[in-house]
Amino acid sequence: MPLMTRKIPTHDASLPAVELENVTVRYDQTVALDQISFRLNRGDRVAVVGPNGAGKSTLFHAIAGVVRPDQGQVRIYGSVPGGHICVGYVPQRKAIDWNFPVTVTDVVMMGRVGKMGFLRWPARHDREAVHAALAEVGMSAFADRQIGELSGGQQQRVFLARALAQEAELLLMDEPLTGLDMPSQEAILTIIDRLHTHGITVMVASHDLNQAGEQFPLLLLLNHRLVAYGPPARVLTTENLMAAYGGQVHVVHTTEGDLLLTDTCCGGGHDLPLPELAHAAPPVVQTVQHETVESMRPPR
Amino acid sequence: MDILHLLTDPLAYGFMVRALLAAIMVGIICPVVGTYMVLKGLSFFGDALAHSILPGVVLTFLFGWPLALGAMISALVAAFLIGVISQRSTLQEDTAIGIVFAGAFALGVAMISTASNYAVDLTHILFGDVLGVSTTDLWVMLVLGLVVLGAIVAFYKEFLVLTFDPVLALVLRLPATALRYLLLGVIALTVVTSLQTVGIALVLAMLVTPAATAQLLTRRLPPMMMVAALLGVFANVTGLYISYYLNIASGPTMVLVSTLIFGLVFLFAPGRGIIWRMTSNGGRSPAGASPTSR
């Protein structure tokens, strides 16, 4: 049985870290991803943005090799994702049972399981990898805590450490900043910045367009199909946002420029009718000049 | 000492010694496997599996084959049907489980009713007959039990990943489907092993109750398994003695003791019991809640 000796494809650094070619994923009748094609180089940092249900999680699952595309191909450093164990996945926080009886160390050690092989127990280098990963995210002091005893930001850092212990070279983080306070968000963004210097490619799903545009050099705007991909200034145009958010965005032309109304956050993509927004006391809108959105915050 | 006599007197009977050994073995195996069922939300599946075993048990009983064989075949057929129905239709998995479980159980009862002259005692199959355990039964239990515990130890880290974060199992390229079926197979084997002691209707309590109690008392998986096994053995042995002296059916007594322990821990567990939460919660919130979650 080839169970014990797994063939891990060698990485050709000259090839793109991630390459999608016409990737289509369907669930029953609905199309979750529609002919997505793009390319990431080693060390790129990309925020994947789009409305709720735009297929962000599905995109990550397809790249991680968890979901097989119905059409098209995903390539990680030139080969299909199936053979790679270098893809780290940080799930949405709501996908995890926080009462599960595991400590921080236990969770990070899970990242090593793929490398250990069957019928093996953690060796010294596994424990060292776990210690190093915890140190990297500043969570060493919490090693013996049960995961439910941590704050949201700390929990996110533990899962980051798990991906590091896995020696992931491509990191997929599904809404890692959602629901965190500002200091926690900044701590995680700092860690992501550092990973980039190690040559780790990072994709982060986000629904905070404003933050994504400020913190990431590349944006990928998704609504089942790829609406736009590139630097924030090129992606966050009125036209693109209209295409991605459709009824959730309202553009009003004023004398000062285009006014963009949006409800990006939460709540399953329901429509806020325009009059209601207009009555809201604090300005929830931002002036758009040169068709570039500088800042778009959800209503507080 | 009177207490000593209370404990040793029943052991003068061979059937009580065998019952005690069976109660201890089941008390270890069931809660350890049940830990994964509690954590993965497989309680209903386990209960359904136990009931689906009935036709196989009746059949093997009538033909005089080993009970475990028919039970295993029944369990596999049931698991297969559940998989087919839930994957090949728009029905939810728990609906598929419900249909197969009730259908198989009805088939078993119908078979018993036609074969009543063979003296198949439905109550023994439903609620167990720990006092009727033979030496051969004990050996079968021991072997099956060691297989089950061996699998739990051997695949500890894989089962942990699969239970905690199935997506990670896929990302790490573990054979997730095979591991899932292995875990379900281990559950089926455990049900079969404990059939004689507690019966089809109550085996769920052996699997789930001590494990649930242990989850309230521990913060890591290995201690949770150990505490669950200790509670299982304690409940079964205590239940057996109570049933001997008070002349109550032994399977239900064991389950009642286990349930009582759960109730006490649920109320009084340090940190997680509701009494503790009500009394010592003034001001500080329990650390368990993730403070920033929406």
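Me: How many salt bridges does the rule find across the interface of chain A and chain B?
Reply: The model is predicted, so local features need pLDDT of at least 70 and side-chain atom pairs count only at pLDDT 80 or more, while totals for chains, interfaces and linings use all residues. Side-chain values use heavy atoms, without hydrogens and water, residues are numbered from 1 along each chain as its sequence is written, and chains are lettered from A and ligands numbered from 1 in the order in which they are written. A salt bridge here is a side-chain nitrogen of Lys or Arg within 4 Å of a carboxyl oxygen of Asp or Glu. By that rule, the number across the interface of chain A and chain B is 3.

Me: Which residue of chain A forms a salt bridge with Arg219(B)?
Reply: Side chains of opposite charge can pair when their charged atoms come close. For Arg219(B), the closest N and O atoms of the pair are 3.2 Å apart, and the partner is Glu149(A).

Me: Which element gives the most residues to the side of chain A that touches chain B?
Reply: Between the two chains there are 9 residue pairs in polar contact (N or O atoms within 3.5 Å; within protein, one able to donate a hydrogen and the other to accept it, residues adjacent in sequence counting only if both atoms are side-chain atoms). Helices (H or I, at least four residues) and strands (E, at least two) are DSSP runs numbered from the N terminus, and those giving two or more residues to this side of chain A include helix H1 (56-64), strand E5 (87-90) and helix H5 (152-165). With 4 residues, the element that gives the most is H5(A).

Me: What area do chain A and chain B bury between them?
Reply: The contact (heavy atoms within 4.5 Å) takes 49 residues from chain A and 34 residues from chain B. In chain A, Phe100(A), Pro101(A) and Phe118(A) lose the most area to chain B, together 19% of what that side buries. Buried area is the accessible area (1.4 Å probe) that two parts lose on being put together, summed over both. Of the total, 64% lies on carbon and sulfur atoms, and the area is about 3,400 Å².

Me: Is Arg45(A), the salt-bridge partner of Asp193(A), buried or exposed?
Reply: The closest N and O atoms of this pair are 2.5 Å apart, and the pair links helix H6 (residues 182-197) with strand E3 (residues 45-49) of chain A, 148 residues apart. Buried means under 20% relative accessible area, exposed over 50% and partly exposed in between (1.4 Å probe, protein chains only). Asp193(A), at 34%, is therefore partly exposed, whereas Arg45(A), at 13%, is buried.
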